[in-house]
Amino acid sequence: MPRKLPALNDDNCAFWQGGKSNALLIHYCHSCTQFFHPPGSVCPNCVSKDVYPRRVSGRGKIASFTINRQPWTPELNEPFVIAIVELEEQPGLRFVTNIEDVDVDEVFIGMPVRVRFRQEDDVWLPLFTKE
């Protein structure tokens with residue numbers, strides 16, 4: 001599926017390029033001991049600047065999802081699943097991704113998933129599949 005890739009910067013580079021080492025890197029605040037996403041230079045919970053990317057397991061559960069069946073562009077392969085995945089490291093630690101290599105009719109809320117990466121240019125996209 002064609003994707004618009006993110007512009008890399010000091011804050012998000014670890015997240016988008018961690019897959020090169022097969023690592024899902026999520027920003028972590030040393031001060032309040034909370035993960036947060038999207039990555040940034042300041043913790044949104046406590047405003048500390050003592051933040052850095054930290055490796056997480058890459059396992060989680062689907063918190064919500066939708067199935068896209070609309071062929072928005074000719075090269076788009078549909079149907080496909082757009083999901084919000086909650087990572088196991090912390091309640092509420094969620095981000096939007098795609099679920100792949102699973103029949104769209106078998107996807108359900110609470111389904112255990114794990115990360116895998118797809119490289120596109122200098123970005124490694126964190127995508128998920130059934131655990």
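**View 1. Residues 54-118 are 0% helix and 52% strand.** Helices are DSSP runs of H or I with at least four residues, strands are runs of E with at least two, and both are numbered from the N terminus. An unreviewed UniProt entry lists residues 54-118 as "domain: ChsH2 C-terminal OB-fold". UniProt positions are given in the numbering used here, feature names are shortened, and annotations may be inferred rather than shown by experiment. The model is a predicted one, in which local features need pLDDT of at least 70 and side-chain atom pairs count only at pLDDT 80 or more, while totals for chains, interfaces and linings use all residues. Residues are numbered from 1 along each chain as its sequence is written, and side-chain values use heavy atoms, with hydrogens and water left out.

**View 2. The protein chain has 1 helix and 8 strands.** Along the sequence the pattern reads α-β-β-β-β-β-β-β-β. The radius of gyration of the protein chain is 15 Å, close to the 14 Å that the globule rule gives for 131 residues, so the chain is as compact as a globular protein of that length. This radius is taken over C-alpha atoms, and the rule is 2.2 Å times the number of residues to the power 0.38. Along the principal axes, the C-alpha atoms fill a box of roughly 45 × 30 × 25 Å. Of the 131 residues, 40% count as buried (buried is under 20% relative accessible area, exposed over 50%, partly exposed in between, with a 1.4 Å probe and protein chains only).

**View 3. P6 is found in the segment before α1 (13-17).** P6 counts as partly exposed because its relative accessibility is 25%. Leaving aside neighbours within four places in sequence, P6 is in contact (heavy atoms within 4.5 Å) with W16 and V123. P6 and L125 are 119 residues apart in sequence, and their C-alpha atoms are 10.0 Å apart in space.

**View 4. I82, I84 and V96 form a nonpolar patch on the surface.** Together they have about 220 Å² of accessible area, computed by the Shrake-Rupley method with a 1.4 Å probe; for residues, only the protein chains shown count as cover. Patches are made of residues with over 30% relative accessible area and no salt bridge; like charges are joined within 9 Å, and nonpolar side chains (Val, Leu, Ile, Met, Phe, Trp, Tyr) within 5 Å. A salt bridge is a side-chain nitrogen of Lys or Arg within 4 Å of a carboxyl oxygen of Asp or Glu. V96 lies in strand β6 (residues 94-99) and counts as exposed, at 58% relative accessibility.
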